[in-house]
Amino acid sequence: MQKKPSTPSRYHILLLLVISSFYGVQSSYGQNNASKKEWVSLFNGKDISDWFVKIQHHETGENFGNTFRVEDGIIKVRYDQYDQFNEQFGHLYFKQPFAYYHLKFEYRFTGEWRKDAPEYTILNSGVMFHSQDPRTMPKEQDWPISIEMQLLGGLADGKPRPTGNMCSPGTHVVYNGKLDTRHCIDSRSKTYTGDQWVKGELIVLGDSLVTHIINGDTVLQYSQPQIGGPVVNRFDPAQKQDGKLLKQGFIALQSEGQPVDFRNIEILNLQGCMDPKSKNYKNYYIKNDESKCRQ
């Protein structure tokens, strides 16, 4: 039996406002005090040995067509070895899940979009997070059950096209205090055109607050990411427990028909020992983990 998606109580809304305010202070104070060595690079600049590939129509681990490759210290998403796109939507997953963290990355759109891919994929990519383990995905599943920070580029029509949006394959979020079942929610970002590098950031606090940042500007916030809704097909039913809050998951880079580059992918863990007397106390931690404390 499917569970009813969670809706926020007044208590939860108030709690999220407090967390948001608190985290704003912590972000400006604590994270600025985090040394460079405390930020961990997810990408070594040489290869994708720390990542898993999952492409629709292929088994987990098969990097069909060398879709994800490393050149010049950049993760490149390319389709030059494809005879046809054939809805071979793909994702590149870092090897371990995360719960509370601050993620930074840079991306740029480049090259020619595959004309046999769906039209909506023009200058379109994304970073998935709180994703299911790719090893739980059947061969024919199209999208992972996850939340997506959608990345878009401006089109030649001159119309606004924000980036850093939220999309939700098989999921829902709480937005403006209400359960929002739309597949995508636009951010307040500017439109970025051409092949310029754009800086993206995600601040994810477990199953509570999520913040999207583009080029230093906060462009979107929402909360309570949870399983529910459509836009994911041919999944294992055991993996789609509607109404279940997503507390953690995998991070993945998207491939859906548009060449795109990623670089400078770094993460700061926000979960650890919050006892000031501990040797490994950090003032930017948001989630306490007593097991990490060392006296």
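This is a predicted model: local features need pLDDT of at least 70, side-chain atom pairs count only at pLDDT 80 or more; totals for chains, interfaces and linings use all residues.
User: What makes the contact of D242 with K240 a salt bridge?

Analyst: A salt bridge requires a side-chain nitrogen of Lys or Arg within 4 Å of a carboxyl oxygen of Asp or Glu. For D242 and K240 the N to O distance is 2.8 Å, so the pair meets that criterion. The structure holds 13 salt bridges, and those that share partners join E71, D72 and K76 into one network.

User: What does the salt bridge between D207 and K247 tie together?

Analyst: The closest N and O atoms of D207 and K247 are 2.9 Å apart. D207 lies in the loop between β13 (198-205) and β14 (209-214), and K247 in the loop between β15 and β16 (250-255), so the pair ties together parts that are 40 residues apart in sequence. D207 has a relative accessible area of 17% and is buried, while K247 counts as exposed at 52%.

User: Why is strand β10 described as largely enclosed by the rest of the structure?

Analyst: Strands are DSSP runs of E with at least two residues, and helices are runs of H or I with at least four, numbered from the N terminus. β10 covers residues 171-175, and five of the five are buried, so the strand is largely enclosed by the rest of the structure. T171, V173 and Y175 point one way and H172 and V174 the other way, and all are buried.

User: What makes β10 a partner of β11 and of β15?

Analyst: Two strands pair if DSSP finds at least two bridges between them. β10 and β15 (residues 217-227) are joined antiparallel over three bridges, with H172 standing opposite Q226. Three bridges also join β10 to β11 (residues 178-180), again antiparallel, and here V174 has L179 as its bridge partner. The hairpin of β10 and β11 has two residues between the strands, and in it N176 takes a positive phi near 55°.

User: Which strands are called the edges of the open sheet, and why?

Analyst: The sheet has seven strands in the order β2-β5-β16-β7-β8-β9-β12, with antiparallel pairing. Its edge strands are β2 (51-55) and β12 (184-185), since each pairs on one side only. Inside this order, β8 (residues 147-152) and β9 (residues 165-167) pair over three bridges, and M149 stands opposite M166 in β9.

User: How many helices and strands does the chain have, and what share of its residues is buried?

Analyst: The chain has one helix and 19 strands, and 53% of its 295 residues count as buried.

Definitions and conventions. Residues are numbered from 1 along each chain as its sequence is written. Side-chain values use heavy atoms; hydrogens and water are left out. Buried means under 20% relative accessible area, exposed over 50%, partly exposed in between (1.4 Å probe, protein chains only).
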